[in-house]
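Thank you all for coming; I would like to walk you through one model this morning. Please have a look at it on the screen before I go on.

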Amino acid sequence: MPTEYSAQAQPVADVNLSCSCGAVQGTLTVSRRASVPRYVCYCTDCQAFVRHLRANELVFDQASGSEVIHLEPAALKISKGLEHLRCLDLCGRGTLRWYTVCCSTPIGSTLSSGGFPFVSLLTSFCCESSEPTPFGEVRGRVGIRNATALLPGEKVKTVTAFRMLFGVAWIMVRARLFGRHKPFVFFPEGGSRPIASPGRLTKHQRATAYGLSGRCCNGT
Ligand SMILES: [Zn+2]
Ligand SMILES: [Zn+2]
C-alpha cells in the first residue's frame, strides 16, 4: 500500500473553505500524515465548467488547468449556506459538478450517486491554498493535450486518467472501510439523491463553454 494512502492518519488541521461572497463556508479536515492526492486537470469538461461560471481567473492556471484534491466525503463539511449549493451534469456521463448559486463559485465534482464516496475539490475553494500548502505535492497533470498554453519547466509530470481513477477507486474503498463515506455534504440522505437537482446546459451555453468543438470528454 502506498504510504500516501496510509489509513492511520490522524486529523490535525482544518482548512477553511469559502465561496467568493462568503455565503457558503465550511471546513476541510486534513491530515499531516496523509498526503492529499492533488492533480491539475486540463480536460475539456473541467475547462467548460469553469468557463460557464466565468471563474477562469479564480480557478485556472496559465494553461486553463484546474487544481483539485481528492477526498473522502467525511473530510468535507459545509457549515453555512447549504441552500446555495447547485450542480451541473455537463454531459450526462455520471459526473456532477458543484458550484454556489450565490456568486457562481466552482466547488468541485462528485460522481452521480452518494453510493460512490468520493469528492474532487477545487483548491480554489480553499481559503488557505497558498504555500505552505496543507496538501501533498501535485501528483501529476491530466489531459495535458487540452492545455491552452505551454507549461513551464522542462519536465511536466503527467498522469493518465486511468492512473488517477485507480487512486479514486482506492479512496472509495478506504472511505467504506473506515466509515468515512458519510456524512456526505452533496448526498445528505445517502443513495442517489443529491442535495440539488442536476442542471444541464442549453445548446447555446454548451457552445460557449466548450468553444467551437462543443464536445464533452466522452465525445458527445
Ligand atoms: Zn457566494
Ligand atoms: Zn478534468
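Two strands are said to pair if DSSP finds at least two bridges between them, and the helices (H or I, at least four residues) and strands (E, at least two) are DSSP runs, numbered from the N terminus. What you see is a predicted model, in which local features need pLDDT of at least 70 and side-chain atom pairs count only at pLDDT 80 or more, while totals for chains, interfaces and linings use all residues. Residues are numbered from 1 along each chain as its sequence is written, and chains are lettered from A and ligands numbered from 1 in the order in which they are written.

On confidence, pLDDT being the predictor's own score for each residue, from 0 to 100, the protein chain has a mean of 87, and 86% of its residues reach 70 or more. Over residues 1-9, however, the pLDDT is below 50, and this stretch has 12 contacts in the model beyond near neighbours in sequence, a contact being two residues whose C-beta atoms, placed from the backbone, lie within 7 Å. Where pLDDT is low, the predicted coordinates should not be read in detail.

Now to the sheet, which is open, has 7 strands in the order β6-β7-β8-β9-β4-β3-β10, and shows mixed pairing. Its edge strands, β6 (85-88) and β10 (138-142), each pair on one side only.

Which strands flank β4? On one side, β4 (residues 66-71) pairs with β9 (residues 119-122) in the antiparallel sense over 4 bridges, and there His70 has Ser120 as its bridge partner. On the other, β3 and β4 run antiparallel and are joined by 4 bridges, with Arg38 partnered by Ile69.

Both faces of β4 are covered, with Ser66, Val68 and His70 buried on one side and Glu67, Ile69 and Leu71 buried on the other; buried here means that 20 or more other C-beta atoms, placed from the backbone, lie within 10 Å of the residue's own.

Leu71 also belongs to the largest nonpolar core, a set of 48 residues in which Leu28, Cys41, Leu71, Leu76, Trp98 and Leu121 touch the most other members; such a core consists of buried Ala, Val, Leu, Ile, Met, Phe, Trp, Tyr and Cys residues joined through C-beta atoms within 7 Å. Helix α1 (residues 44-52) gives the most to this core, with 4 residues.

Definitions and conventions
A residue is buried if 20 or more other C-beta atoms lie within 10 Å of its own, exposed if 12 or fewer, and partly exposed in between; C-beta atoms are placed from the backbone.
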